Amino acid sequence: MNRSRFDGVARAYDAGRPGYPDALFDAIEEMSGSFLAGAVLADVGAGTGISTRSLLERGARVVAVDHGAAMLGTLRSRTPATPVVLADANQLPFANGSLDLVTFAQSWHWVDLGRAPREVLRVLRPGGALAVWWNIPDEGGEQWLAEHRARLRVAGQHVVGAHFEAAWRSIPSAFQNLDVETAHISWDRTVPMEVILDEVRSKSYIEELGSDDAAAFIERERELLPDRSLREPFVTQLAVVRMPA
């Protein structure tokens with residue numbers, strides 16, 4: 001597989017998708033029992049490198065893994081020295097026990113749950129850890145966001161939020177008999193409306209509407225969204241699975 005459904009919107013993805021708060025990476029260190037600085041890790045489903053860049057800033061030795069060539073091309077344009085691998089979670093290109101940490105930022109809901117958990121356990125060293133997280137919009141925090149998300153749910157045929165929730169609930173059963181710890185981290189960003197529109201463009205279910213309908217949806221959002229900088233609150237859901245030492 002050498003193309004992701006996001007390859008056609010890589011620019012918008014990089015421009016519009018939110019990053020992650022410092023508190024998330026503090027929590028990963030605390031819950032995994034090891035520092036990110038010097039850790040050898042694979043950032044799987046790395047996309048354009050939004051999570052990868054934050055991990056690099058913490059001093060981690062990161063290999064970015066994605067099955068989208070255009071997504072990884074954008075990542076390499078931002079961080080040329082970062083090793084990248086065109087692959088996916090269902091067949092990780094790493095030796096047994098070779099990694100301290102495996103991360104999935106906003107990507108665990110795309111994996112094959114019959115294959116990916118086994119692959120993660122295979123490549124982690126004893127005492128290593130898996131960290132999985134998602135940014136979930138906090139619709140109760142802003143009226144504009146609640147209205148905007150309601151329109152997105154209609155466009156996505158009401159399956160998107162359910163997809164995330166199902167993936168979140170699957171983690172304990174996918175890693176039975178291992179220590180699974182979770183955290184919820186509240187934070188927000190304030191960005192111009194055009195960034196929110198790029199975020200919309202980057203969504204797979206908007207691209208799947210087709211170019212004309214997607215463009216019409218985005219132009220309608222331009223009319224409906226407040227024409228100012230917008231506060232977008234999130235709750236980041238984090239799960240960390242620890243391997244036995």
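In this predicted model, a salt bridge joins the side chains of Arg58 and Glu29, with N and O 3.6 Å apart. The two residues sit in distant parts of the chain, 29 residues apart. Arg58 belongs to the loop between helix H3 (50-57) and E2, and Glu29 to helix H2 (residues 22-32). Arg58 is partly exposed, with a relative accessible area of 22%. Glu29 is buried, because its 17% falls under 20%.

A salt bridge also pairs Asp100 with Arg125, at 2.5 Å from N to O. Asp100 lies in strand E4 and Arg125 in strand E5, so the pair ties together parts 25 residues apart in sequence. Arg125 is partly exposed, at 26% relative accessible area.

Arg231 and Asp188 form a salt bridge too, their closest N and O atoms being 3.7 Å apart. This pair connects strand E7 with strand E6 (residues 179-191), across 43 residues. Both partners are partly exposed: Arg231 has a relative accessible area of 32%, and Asp188 has 38%. Shared partners join Arg11, Asp198 and Arg201 into one network of salt bridges. The count of salt bridges comes to 19.

Nonpolar residues were examined next. The largest nonpolar core has 28 residues. Val102, Phe104, Trp108, Leu130 and Ile171 have the most contacts inside it. Several elements each supply at least two residues of this core, including strand E4 (99-105), strand E5 (124-137) and helix H7 (160-174). Leu130 touches residues such as Leu101, Val120, Phe175 and Val240, not counting residues up to four places away in sequence. Another core, of 26 residues, lies apart from the largest one. Among its members are Ala27, Ile50, Val62 and Leu101.

Notes: Residues are numbered from 1 along each chain as its sequence is written. This is a predicted model: local features need pLDDT of at least 70, side-chain atom pairs count only at pLDDT 80 or more; totals for chains, interfaces and linings use all residues. Side-chain values use heavy atoms; hydrogens and water are left out. A nonpolar core is a set of buried Ala, Val, Leu, Ile, Met, Phe, Trp, Tyr and Cys residues joined through side-chain atoms within 4.5 Å. Buried means under 20% relative accessible area, exposed over 50%, partly exposed in between (1.4 Å probe, protein chains only). Helices (H or I, at least four residues) and strands (E, at least two) are DSSP runs, numbered from the N terminus. Contact means heavy atoms within 4.5 Å. A salt bridge is a side-chain nitrogen of Lys or Arg within 4 Å of a carboxyl oxygen of Asp or Glu.
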